[in-house]
Amino acid sequence: MFAWRGACFCLSGAHLCGDYTRALSIIDVFEKSTKDEHDKAKEKEGNNPVFRYEESEMRLYRLALLQESGQLEQALTYSRDIESEVVD
């Protein structure tokens with residue numbers, strides 16, 4: 001829980017300052033640092049709509065950062081890669 005709060009604080013600060021590289025890096029570090037927890041939760045709650053929604057929102061946030069940073073080709077590729085994971 002606290003890791004997520006810290007990541008959100010750093011992520012929103014980087015995003016608001018226009019430091020998209022850092023914001024994307026924070027998402028990467030957070031996802032790597034919580035991978036074991038995430039895998040266990042996905043195994044247990046993978047079909048839980050709340051879990052799927054939260055995962056979907058993180059994917060969409062990364063997509064928005066790619067778009068805002070002007071990485072349009074990467075954003076297009078990423079949007080195709082996550083299509084099946086986006087639930088809204």
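The face of α5 that is turned away from the buried side of this helix carries Glu73 and Arg80, both exposed; exposed here means over 50% relative accessible area, buried under 20%, and partly exposed in between (1.4 Å probe, protein chains only). On the buried side, α5 (residues 72–82) has Ala75, Tyr78 and Ile82. These residues cover an arc of only 65° around the axis, so they sit on the same side of α5, with the arc taken from the directions running from the helix axis to the C-beta atoms. The background is simple: an α-helix has 3.6 residues a turn, so residues three or four places apart point the same way.

The model is a predicted one, in which local features need pLDDT of at least 70 and side-chain atom pairs count only at pLDDT 80 or more, while totals for chains, interfaces and linings use all residues. Residues are numbered from 1 along each chain as its sequence is written, and side-chain values use heavy atoms, with hydrogens and water left out.

As for the overall layout, the chain has 5 helices and 0 strands, giving the pattern α-α-α-α-α along the sequence. Both kinds of element are DSSP runs numbered from the N terminus (helices: H or I, at least four residues; strands: E, at least two). Of the 88 residues in the chain, 25% are buried. Among contacts (heavy atoms within 4.5 Å) with a separation of 6 or more, 58% are between residues 24 or more positions apart.

In soluble globular proteins, nonpolar side chains tend to be buried together. In this model the largest nonpolar core has 15 residues, of which Leu11, Ala23, Ile27, Leu65, Leu66 and Tyr78 touch the most other members. Two or more residues come from each of α1 (2–16), α2 (20–33), α4 and α5, and α2 gives the most, with 5 residues. A core of this kind is a set of buried Ala, Val, Leu, Ile, Met, Phe, Trp, Tyr and Cys residues joined through side-chain atoms within 4.5 Å. Leucine 65 shows what that looks like locally: leaving aside neighbours within four places in sequence, leucine 65 is in contact with Leu11, His15, Tyr20, Ala23, Leu24 and Ile27.

The charged side chains have their own story. The whole structure contains 3 salt bridges, each a side-chain nitrogen of Lys or Arg within 4 Å of a carboxyl oxygen of Asp or Glu. One of them joins arginine 62 to aspartate 28 at 2.8 Å, N to O. Arginine 62 belongs to helix α4 and aspartate 28 to helix α2, so this pair ties together parts that are 34 residues apart in sequence. Arginine 62 is buried, at 11% relative accessible area, whereas aspartate 28 is partly exposed at 31%. Not counting residues up to four places away in sequence, arginine 62 touches Leu24, Ile27, Asp28, Glu31 and Tyr78. Helix α4, where arginine 62 is found, spans residues 49–68.

Arginine 59 is found in helix α4 too, and its side chain meets that of glutamate 85 in a salt bridge of 2.7 Å, N to O. This pair links distant parts of the chain, 26 residues apart, since glutamate 85 lies in the segment after α5. Arginine 59 counts as buried at 16% relative accessibility, and glutamate 85 as partly exposed at 28%. The contacts of arginine 59, again without residues up to four places away, are Glu31, Tyr78, Ile82 and Glu85. Arginine 22 and aspartate 19 form another salt bridge, at 3.8 Å, N to O. In that pair, arginine 22 is exposed at 52% and aspartate 19 is partly exposed at 31%.

Finally, the cysteines. A disulfide is a covalent bond between the sulfur atoms of two cysteines. The search of the whole structure, looking for cysteine sulfur atoms within 2.5 Å of each other, turns up 0 disulfides. Cysteine 10 is partly exposed, with a relative accessible area of 44%, while cysteine 17 is exposed at 68%.
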